[in-house]
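Biologist: I've got a model open and would like to learn how to read it feature by feature. Could you walk me through it?
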Amino acid sequence: MVVTHAPIAITIDCAQPLLPHLHTLVRSMLSEADGIEVVLRHGEPQVRVVNEVVQSPEGRPDVRQVLLNGGARETFSLRSGLDQTVSIVVPALNEAENLCHVLPRIPTWVHEVILIDGRSIDHTADVARELRPGIRIVEQRSRGKGGALREGFESASGDIIVTIDADGSTDPGEIPFFVGALLAGADYAKGTRFAQGGGSSDISLLRRLGNLVLTIMFRLLFRNRCTDLCYGYNAFRASALPILRPDSDGFEIETLMSARAMRAGLKVVEVPSHEASRVHGQSNLKAFEDGWRILRTLMRESFTKQQQPAGGEPMARPRQLA
Ligand SMILES: Nc1nc2c(ncn2[C@@H]2O[C@H](COP(=O)(O)OP(=O)(O)O)[C@@H](O)[C@H]2O)c(=O)[nH]1
Ligand SMILES: [Mg+2]
């Protein structure tokens, strides 16, 4: 087994229902007594999961975890050979100049990278193929960022889907944080720029205020304590797609998916993330127009009854981690 990354840390909100799952996980790992080291230490103020991402012999991601829980510190190794595959979905509209800051930095252990080209006029697709041979390019048929993501999700074959931007603002080096949260038992890992460990050098004051208001509404309407509604860096289990039903076209897509995840009671955790400035070009988001679409989506989702996933099938629960 080869360690491909320095140890990294993520913080998981201890009030989320993820906690019981982690207890179960730790117990099941301990009962297997397979390469387990247990260290107890007191005085830790909150629950944290520290993940070390390693590469299994099959080239797939595997994690080693330290659970800091209620003053106790428990260290355990997950056995290698997790068969979770990871798809990275990248919507791109005229991002040829920015792709060199994104594609080469995506970890080599991901199963596939899918770029959805929104009929760019700047050779985005050619540059992507050059930078990342083997990348899958989907020529977008639908409209908007939402349409692009939807088409990306339809093409993705991984167990875990991570969405990142093509403009250099989302850091591919954070992908293990998101994957780690899902491997630890979450269904939906929501990036946040506004919790400890996150930040943004890209967001304008107007957008920051708009996002704050919309996030407060999201918290009230969907009863949660999320800190950042409108951020494009997220990850989720592909098995959750029938619940998330990402069927909108514009920048409201993340709001739609978050609302449906919350309403369905999926295990949603936040992952602190730092958003850098877009490297070249300008944002495609129109603050008022898209803010209005997000507001409408929030209202509509809060008044709509939860729909059964297509086919009436309940969501496949995450596979056990061992
Ligand atoms: N394929 C596709 N990608 C889009 C479209 N609109 C935006 N994107 C991509 O979505 C990501 C985020 O868009 P951006 O304009 O940076 O918005 P911001 O980050 O909210 O300011 C970038 O990678 C864009 O290239 C679209 O209509 N089609
Ligand atoms: Mg951007």
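**Reading the model**

Modeller: Let's start with one residue: not counting residues up to four places away in sequence, Ala259 touches Phe222, Leu298 and Glu301. Contact here means that the C-beta atoms of two residues, placed from the backbone, lie within 7 Å. This is a predicted model, where local features need pLDDT of at least 70 and side-chain atom pairs count only at pLDDT 80 or more, while totals for chains, interfaces and linings use all residues. Residues are numbered from 1 along each chain as its sequence is written, and chains are lettered from A and ligands numbered from 1 in the order in which they are written.

Biologist: Where does Ala259 sit, and why does it count as buried?

Modeller: A residue is buried if 20 or more other C-beta atoms lie within 10 Å of its own, exposed if 12 or fewer, and partly exposed in between, with C-beta atoms placed from the backbone. Ala259 counts as buried because it has 23 C-beta neighbours inside 10 Å. Its place is in helix H7, residues 253-263; helices (H or I, at least four residues) and strands (E, at least two) are DSSP runs, numbered from the N terminus. Ala259 and Phe218 are 41 residues apart along the chain, yet 7.6 Å separates their C-alpha atoms.

Biologist: And Val127, what does it touch beyond its neighbours within four places in sequence?

Modeller: Ala96 and Leu99 are in contact with Val127. Val127 belongs to helix H2 (residues 124-131) and is buried, since 20 other C-beta atoms lie within 10 Å. Its C-alpha atom is 9.7 Å from that of Asn98, 29 residues away along the chain.

Biologist: How much should I trust the coordinates? What does the chain average in pLDDT?

Modeller: pLDDT is the predictor's confidence in each residue, from 0 to 100. The chain averages 80, and 69% of the residues score at least 70. Over residues 75-81 the pLDDT is below 50, and this stretch has 28 contacts in the model beyond near neighbours in sequence. Residues 316-322 also stay under 50, with 14 contacts beyond four places in sequence. Where pLDDT is low, the predicted coordinates should not be read in detail.

Biologist: Zooming out, how many helices and strands does the chain have?

Modeller: There are 8 helices and 14 strands. Of the 322 residues in the chain, 46% are buried. Take the contacts between residues at least 6 apart in sequence: 76% of them join residues at least 24 apart.

Biologist: How do I read a sheet, and in what order do the 7 strands of the open sheet come?

Modeller: Strands of a sheet pair through backbone hydrogen bonds, either parallel or antiparallel. Two strands count as paired if DSSP finds at least two bridges between them. Here the order is S8-S7-S6-S9-S12-S10-S13, with mixed pairing. Strands S8 (136-139) and S13 (268-272) stand at the edges with a single partner strand each, so one side of each has no neighbour in the sheet. From one strand to the next, the twist averages 20°, with axes being lines fitted to C-alpha atoms, for helices over the stretch in contact, and angles running from 0 to 180 degrees between N-to-C directions.

Biologist: Which way do the residues of S6 point?

Modeller: In a regular strand the side chains alternate between the two faces of the sheet. On S6, Val86, Ile88, Val90 and Ala92 point one way and Ser87, Val89 and Pro91 the other, and all are buried. S6 runs parallel to S7, joined by 6 bridges, and parallel to S9 (residues 160-163), joined by 4. Val89 stands opposite Ile114 in S7, while its bridge partner in S9 is Thr163.

Biologist: Last one: which residues are closest to ligand 1?

Modeller: Near means a C-beta atom, placed from the backbone, within 6 Å of the molecule or strand. Ligand 1 is surrounded by 20 residues, the closest being Pro91, Gly118, Ala148, Ser283 and Asn284. Strand S6 (86-92), strand S7 (112-117) and helix H3 (144-155) each give two or more residues to this shell, and H3 gives the most, with 3.
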